[in-house]
Amino acid sequence: MYYNDNSIIYHNGEYIHPKCATGDIYSQTLHYGNGVFEGIRSYKTKTGTKIFKAEAHYKRLQYGTEVMNIPFEYSIEELIDITHKLLELNNFQDAYIRPIITTGANMGLGSPTESSLIIQCWEWGKLMGDKLLKVRTSSFQRPNPKSCFVDAKVTGHYINSILARNEANASGYDEAILLDMNNNVAECSGANVFIEKDGKLYTPPKGHIMPGITRSTIIELCKEVGICVEEKHFSLNEMKQADNAFFTGTAAEVVGLKSIDDYNFPKPWESTLGYKLMHLYKQEVLSERLTNFSKAV
Ligand code: PMP
């Protein structure tokens, strides 16, 4: 699914077939989860292939290397150029791009002195599909921000997401909602959450969540089109009184929720702010919004 005989990845300065890449089995990434990655999308637009918010994604990748003290020399411009070239070599337009920085041999817990950059990509549609999601409250909490940098996309942090997703799927749900250490709603295993109540949107503030690039895009879109949105903590009980709710993420884009635990969101998806934003977001990634158009001409 991820590659075939013709696939090409970037690995430390070379464009090679995925099977030709080598990794160090003594790396901290493999043993302790000390690696940093990103999830980026490219879209086929009327004016060519567009890597959506490439700079923001690569800045978050750089931030991850800084907080984890992983040596990393690439500039944002270089990373973007490499990604464009990689898409061209694979002949992809609509794709998912997965850069990952792994560390060299080090069985100790001290800072790594070497790193490798791998960028993979594969042709890709929507991750979660278009159906509304049935979600459950997870028995797992989001990590305490004093235990790690929750806003960095570190490989090891995703154990928490995997546990929550497995638990949700094993009990018949599509996704999990994780609370933070203070019992406020935080996010799902790989996307941010918004609720709609009385014509207004609420989303948890930064602090216990991955500050999603899609989340920021949605907040910007709301401001542009006059939708009222507030970054504010809310409890599970409050979520269970919401009119509707949706997730946002690079992979999921904007996806509506059907229910949480035994609570069905009463407002039909097609009449929600989330639905409106789902369409605006699609136009934004494809550069088809009128405001962008007028900026361009
Ligand atoms: N939360 C978590 C835990 C995630 O892994 C992601 C995906 N990076 C998101 C939220 C959404 O972030 P983004 O919109 O930048 O993809």
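**Cores and a surface patch in a predicted model**

Good morning, colleagues. The largest nonpolar core here has 23 residues, and those with the most contacts inside it are Tyr58, Ile97, Leu117 and Ile119. Two or more residues of this core come from each of the elements α2 (54–67), α3 (76–90), β6 (95–103) and β7 (115–123). Helix α3 gives the most, with 6 residues. Please bear in mind that what we are viewing is a predicted model.

Let me turn to Tyr58. Leaving aside neighbours within four places in sequence, Tyr58 is in contact with Ile40, Ile76, Leu79, Ile80, Thr83, Ile97, Pro99 and Ile119.

I now come to a residue of helix α2, namely Thr65. Is Thr65 buried or exposed? Its relative accessibility is 5%, and therefore Thr65 counts as buried. With neighbours within four places in sequence again left aside, the contacts of Thr65 are Val36, Ile70, Phe72 and Ile101.

Finally, the surface. Which residues form a nonpolar patch there? They are Ile25, Tyr26, Leu30, Tyr32, Met107 and Leu109, and together they have about 700 Å² of accessible area. One of them, Leu30, is placed in helix α1, which covers residues 28–32. Leu30 counts as exposed because its relative accessibility is 59%, whereas Thr65, at 5%, counts as buried.

Thank you for your attention.

Technical notes: Residues are numbered from 1 along each chain as its sequence is written. This is a predicted model: local features need pLDDT of at least 70, side-chain atom pairs count only at pLDDT 80 or more; totals for chains, interfaces and linings use all residues. Side-chain values use heavy atoms; hydrogens and water are left out. Patches are made of residues with over 30% relative accessible area and no salt bridge: like charges are joined within 9 Å, nonpolar side chains (Val, Leu, Ile, Met, Phe, Trp, Tyr) within 5 Å. Accessible areas come from the Shrake-Rupley method with a 1.4 Å probe; for residues, only the protein chains shown count as cover. A salt bridge is a side-chain nitrogen of Lys or Arg within 4 Å of a carboxyl oxygen of Asp or Glu. Helices (H or I, at least four residues) and strands (E, at least two) are DSSP runs, numbered from the N terminus. Buried means under 20% relative accessible area, exposed over 50%, partly exposed in between (1.4 Å probe, protein chains only). A nonpolar core is a set of buried Ala, Val, Leu, Ile, Met, Phe, Trp, Tyr and Cys residues joined through side-chain atoms within 4.5 Å. Contact means heavy atoms within 4.5 Å.
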